[in-house]
Amino acid sequence: MLKVSVYRYNPETDKEPYMKDYQVDTQGKDLMVLDVLELLKETDPSLAIRRSCREGVCGSDGMNINGKNGLACVTPLSEAAPNGAPLVIRPLPGLPVVRDLVIDMTLFYKQYEKIKPYLINDTPAPAIERLQSPEERAHLDGLYECILCACCSTACPSFWWNPDRFIGPSGLLQAYRFLIDSRDTATEERLADLDDPFSVFRCHGIQACVAVCPKGLNPTKAIGHIRNMLLSRAA
Amino acid sequence: MSLRKITFDAVIVGGGGAGMRAALQLAQSGYKTAVITKVFPTRSHTVSAQGGITCAIGSNDPNDDWRWHMYDTVKGSDYIGDQDAIEYMCSVGPQAVFELDHMGMPFSRTEEGRIYQRPFGGQSKNFGEGGQAARTCAAADRTGHALLHTLYQGNLKANTVFLNEWFAVDIVKNDDGVVVGVIAICMETGETVFVESKATVFATGGAGRIYASTTNAHINTGDGIGMALRAGFPVQDIEMWQFHPTGIHGAGVLVTEGCRGEGGYLINKDGERFMERYAPNAKDLAGRDVVARSITLEILEGRGCGPNGDHVFLKMDHLGEDVLHSRLPGICELSITFAHTDPVKEPIPVIPTCHYMMGGIPTNVDGQALTVVDGKDQVIQGLFACGEVACVSVHGANRLGGNSLLDLIVFGRSTGLYIEKALRDGINYTTATDANIDTAMVRLNKLNASSEGGSVAELRKELQGIMQNQFGVFRRGDFMQDGIKKLADLRTRIENIHLDDKSDAFNTARFEALELQNLFEVAEATAITAEERKESRGAHARDDFQERDDENWLCHSMFYPVDKSVGKRAVNFSPKTVDTFQPKARVY
């Protein structure tokens with residue numbers, strides 16, 4: 001039996017959040033944390049979580065697992081709580097809790113929308129695709145794979161302080177994905193939008209985002225590139 | 001009962017590839033459009049598609065021809081795909097794919113700067129005469145992710161209204177039987193609303209969760225099929241379920257056909273490349289139904305791998321680290337996570353796993369939902385469907401790899417285009433009465449009032465077990481009849497689920513109960529229709545009727561929910577610009 005301690009809060013019935021302990025029979029298997037929560041939900045269906053693909057590509061089940069943000073579906077017990085240690089599950093930190101492990105991601109998505117996360121190219125589209133060399137395309141690797149799970153931004157102290165004004169690591173990773181796309185022509189417009197004391201420059205290079213990204217991406221590096229672009233533009 | 005009402009010109013239920021492509025078309029047209037989606041759009045199951053989107057864009061081979069793609073698709077469907085719809089998909093496809101590039105989709109590239117294409121199963125040049133084609137456009141092995149995010153981004157640019165984390169419960173019909181919207185619940189607050197619309201588009205995806213072992217996401221619960229059946233509308237070819245040859249053994253997670261496209265192959269416990277015996281020409285790139293059956297036979301005949309002999313291996317180490325890491329990075333990641341195996345060094349344990357629903361709500365190429373009255377097709381006013389929930393039918397009895405993503409964008413687009421025109425011409429209908437809304441609320445009201453009954457988790461397991469054991473890769477009449485009896489018993493219990501937690505805020509227990517009821521509708525329709533189709537065709541393989549029977553079954557099946565009867569509907573053999581592809585023996 002595995003001891004699982006879960007953050008519970010139902011706004012209709014609870015005055016304040018609390019941790020609830022469960023015993024889950026894992027049959028000694030090295031299950032993924034999501035599988036443990038699904039087992040737990042068989043006995044207590046009132047626990048609210050988000051989940052979809054269960055293979056680490058949809059980004060639904062970001063949560064704080066034994067102190068570290070990650071995706072429940074691709075985090076095995078042996079990594080999260082080795083040697084039978086208790087599993088402690090809390091919602092991603094820094095954003096309001098809707099219920100249990102479900103957080104209100106409005107601010108996170110707003111920051112994403114702010115960076116105009118779509119290709120801008122005002123030249124007439126050709127009859128076929130816009131050509132792009134493998135080298136140009138390679139610039140998008142490590143950027144386009146973001147799944148918007150919010151593990152990074154909710155691990156970022158700068159985002160905790162200014163979630164309304166600092167774009168955060170996830171949004172900035174996507175900002176750079178469009179800045180560096182050879183098919184995009186709005187570089188100047190994009191940089192102008194980011195050129196203020198908060199949007200980019202609140203990043204202090206703590207690299208908590210890099211440490212938690214379940215896809216192994218490096219937002220800090222992308223933010224560095226944006227800083228350089230902003231500084232060259234100002235010079 | 002009086003519910004708050006919100007009104008749109010068009011409402012799309014489902015925020016995956018098909019729904020967002022339809023939404024994009026409508027949002028660009030300026031009509032008031034909303035997408036109702038039970039998960040944030042980029043969490044939809046399209047995100048899990050890996051290998052690519054098949055389309056004759058002429059990058060790998062400048063002489064490639066959409067007619068060759070059409071031939072492959074007709075053959076792959078085992079001749080019950082509608083040839084007018086397949087013609088439309090394959091010919092419009094290139095334009096729809098180029099639009100994705102123009103929207104910013106990060107396709108992999110060739111040295112010439114064009115979209116990279118890889119070989120996939122069932123592909124040929126020159127109508128099967130010219131050898132293997134490479135026609136599947138790819139963004140590494142994350143094509144679905146790239147496509148879904150690009151479409152979401154396109155919709156943000158077009159200012160589409162998203163009702164994110166809203167759950168559609170049931171169809172509202174007016175006194176004339178016209179579909180005028182849906183009942184939906186805002187998941188965060190629990191508020192139930194009547195979403196009224198002149199055009200209601202179902203893009204709710206598949207229902208692979210009717211099986212115990214599936215590549216499908218938790219959310220693939222056939223909500224659109226459930227709603228349509230409860231409203232009395234038929235579904236077509238619902239017995240046709242694709243088992244993907246390569247799901248990771250034990251986990252069910254998908255391993256793309258692109259692995260075999262890039263040169264990987266299957267081996268049994270003797271290390272034999274056994275597909276050479278079953279499909280001497282196409283080998284590992286035969287149709288998915290053929291490969292899935294071959295694997296199952298290897299296992300049944302004692303040549304499976306592992307201590308229990310219950311899987312085979314997908315070997316890729318000979319491709320080298322560079323190819324694997326550049327072309328199949330996501331697979332390397334998934335294999336290490338879920339099979340504890342690095343494909344660079346060792347083969348991946350795989351097994352056929354439920355993957356795709358070929359059947360669905362019958363539609364025409366404009367996405368209009370159809371029923372059959374006195375042997376003639378009749379449009380269901382107000383209701384549209386596109387993507388996996390629809391059966392237009394381009395996949396027939398077996399879908400080719402890479403054709404699902406093409407289906408999503410081509411028919412999401414065509415549905416949007418048709419509705420745009422229909423709205424411009426003017427759509428008039430009678431507003432729903434309170435009685436109409438009460439009818440649509442019956443199921444939800446019953447669940448909310450429940451004080452006793454079974455639990456969702458137990459009943460779901462029971463359902464998935466019946467489908468897995470009695471309606472799998474190989475099927476047999478007596479087994480299926482037994483399964484149908486078990487399902488009949490299960491229906492009462494699933495209709496009387498007990499919802500213990502009646503709270504409003506993000507109550508996932510309520511949604512899981514509603515989802516299970518949808519799964520049940522899909523499962524029952526599948527079971528009854530599968531038993532009725534007494535032949536083997538495409539993915540429907542019967543031990544007791546092993547041959548294809550063109551005399552009696554070269555047709556669509558239609559399942560009518562009101563009396564649970566199965567009828568037949570003619571397959572379209574009349575493409576507009578090419579000659580008909582006549583049925584012939586299907587060999588690879």
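Biologist: How many residues of chain A are in contact with chain B, and how many of chain B with chain A?
Modeller: This is a predicted model, and in it 59 residues of chain A are in contact with 59 residues of chain B.

Biologist: And how much area do the two chains bury between them?
Modeller: About 4,800 Å², with 51% of it on carbon and sulfur atoms. On the chain A side, A:Arg54, A:Glu55 and A:Glu129 supply 15% of the area buried against chain B, more than any other three residues.

Biologist: Charged residues, then. How many salt bridges are found across the interface of chain A and chain B?
Modeller: The rule finds nine. There is one between B:Lys461 and A:Glu42, where the closest N and O atoms are 3.3 Å apart.

Biologist: And how many residue pairs are in polar contact between the two chains?
Modeller: The count is 37 residue pairs, with both residues at pLDDT 80 or more.

Biologist: Which elements of chain A supply the side that touches chain B?
Modeller: Helix H1 (33-43), strand E6 (97-99), helix H3 (106-114), helix H4 (134-138) and helix H6 (168-179) of chain A each supply at least two residues. H1(A) gives the most, with four residues.

Biologist: What does that side look like by class?
Modeller: It has 34 nonpolar, seven polar and 18 charged residues.

Biologist: Changing topic to chain B. How do helix H1 and helix H11 of chain B cross?
Modeller: Their axes come within 7 Å and cross at roughly 35°. H1(B) covers residues 17-29 and H11(B) covers residues 403-425.

Biologist: Left-handed or right-handed?
Modeller: The crossing of H1(B) and H11(B) is right-handed.

Biologist: Which residues make that contact?
Modeller: From H1(B), they include B:Gly17, B:Ala18, B:Arg21 and B:Ala22. From H11(B), B:Gly412, B:Arg413 and B:Gly416 are among them. By class, the contact has eight nonpolar, five polar and three charged residues.

Biologist: Nice link! What kind of contact does the side chain of B:Glu99 make with the side chain of B:Arg21?
Modeller: A polar contact, at 2.7 Å. The B:Glu99 side chain also makes a polar contact with the side chain of B:Arg413, at 3.1 Å.

How values were computed: Residues numbered from 1 in each chain as written. Chains lettered and ligands numbered in written order. Predicted model: local features only at pLDDT ≥ 70, side-chain atom pairs only at ≥ 80, totals over all residues. Heavy atoms only, no water. Axes fitted to C-alpha atoms, helices over the stretch in contact; angles between N-to-C directions. Left-handed = near helix turned anticlockwise from the far one by under 90°. Contact = heavy atoms within 4.5 Å. Nonpolar A, V, L, I, M, F, W, Y, C, P; charged D, E, K, R; others polar. Polar contact = N/O pair within 3.5 Å; in protein donor to acceptor, adjacent residues only side chain to side chain. Buried area = accessible area lost by both parts, 1.4 Å probe. Salt bridge = Lys/Arg side-chain N within 4 Å of Asp/Glu carboxyl O.
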